[in-house]
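Please look over the sequence and the model that follow, and keep both in view while reading this report.

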Amino acid sequence: MNSRIEQIAGSNNFTAVNFGKLNQVLENADGKIFLKEATKTTGMEISISVLSPRTDLSIFHSHKQNEETYIALSRKGKFQVDDQCFDISEGSVIRVAPDGLRGMTNSSNEQMVYVVIQAKENSLEQYTMEDGVIQEATPLWK
Ligand code: ZN
C-alpha cells in the first residue's frame, strides 16, 4: 500500500514525490514503500523500508532476473546471502545477484532504515559521466 505517497511536482521529464515521515513507512503492511509506480521509473524499482527493532525480515527470497542493492541507512543488523552471514550497519551496501538467497535482521533496539534498488542484472550499459551530458541552464531557485 502506497497511499501516503504524494506527488509534489512533475512533467514529461520528471516525477517528484514525497513519502512522508519514516514512521509512516512502518505503518504499511510490510514496513516498506515501493516507488516505481509513484515515480514512474522504467529501469528499476526502489523501495524504502523500516525494520522494527529486534526483527527479522520475514521472508528469504531470490529473484528471477533482477539484482538488488541494499543500502543500510541506520542501525546494525545481520545480512545473509546463501551460506554467508555478516554484520551490517549504517553505510553498508550489499549487491545481491538474482540467484542469491537473501535475508536480514535488525539486531539493534531501534528501527533500521534501508533502501533497496532492484534492476535487471547486466542491463546497465553506461553510467555516471559516460551517460551524463553537461548543458547550460538557468537556475530557477534564485
Ligand atoms: Zn527482493
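Which spacing do the donors of the zinc ion follow along the chain? In this predicted model, the spacing of these donors reads H-x1-H-x4-E. The zinc ion is coordinated by His61 and His63, each through NE2, and by Glu68, which is listed with two OE donors, at 2.0 to 2.5 Å. The angles among the 4 donor atoms run from 55 to 147°, and the site is irregular, because four donors count as tetrahedral if all angles lie between 85 and 135 degrees.

A second topic is the aromatic residues. Tyr70, Phe79, Phe86 and Tyr114 form one aromatic cluster.

Phe86, a member of this cluster, is placed in strand 8, which covers residues 84-89. Leaving aside neighbours within four places in sequence, Phe86 is in contact with Gly77, Lys78, Phe79, Val81 and Ile94. Lys21, by contrast, is 65 residues from Phe86 in sequence and 29 Å from Phe86 in space, C-alpha to C-alpha.

The table gives the accessibility of some residues named above.

| Residue | Relative accessibility | Class |
|---|---|---|
| Tyr70 | 4% | buried |
| Phe79 | 1% | buried |
| Phe86 | 29% | partly exposed |
| His61 | 21% | partly exposed |
| Glu68 | 5% | buried |

Is Phe86 buried or partly exposed? Phe86 counts as partly exposed because its relative accessibility is 29%, and buried means under 20%.

Terms used
Residues are numbered from 1 along each chain as its sequence is written. This is a predicted model: local features need pLDDT of at least 70, side-chain atom pairs count only at pLDDT 80 or more; totals for chains, interfaces and linings use all residues. Side-chain values use heavy atoms; hydrogens and water are left out. Helices (H or I, at least four residues) and strands (E, at least two) are DSSP runs, numbered from the N terminus. Buried means under 20% relative accessible area, exposed over 50%, partly exposed in between (1.4 Å probe, protein chains only). Contact means heavy atoms within 4.5 Å. Rings of Phe, Tyr and Trp (its six-membered ring) pair if their centres lie within 6.5 Å; planes under 30 degrees apart count as stacked, over 60 as edge-to-face and the rest as tilted. Donors are N, O and S atoms within 2.8 Å of the metal (3.2 Å for Na, K and Ca); water is not among the atoms, so sites may look incomplete. Four donors count as tetrahedral if all angles lie between 85 and 135 degrees; four count as square planar and six as octahedral if opposite donors are over 155 degrees apart and all others between 65 and 115; anything else is irregular.
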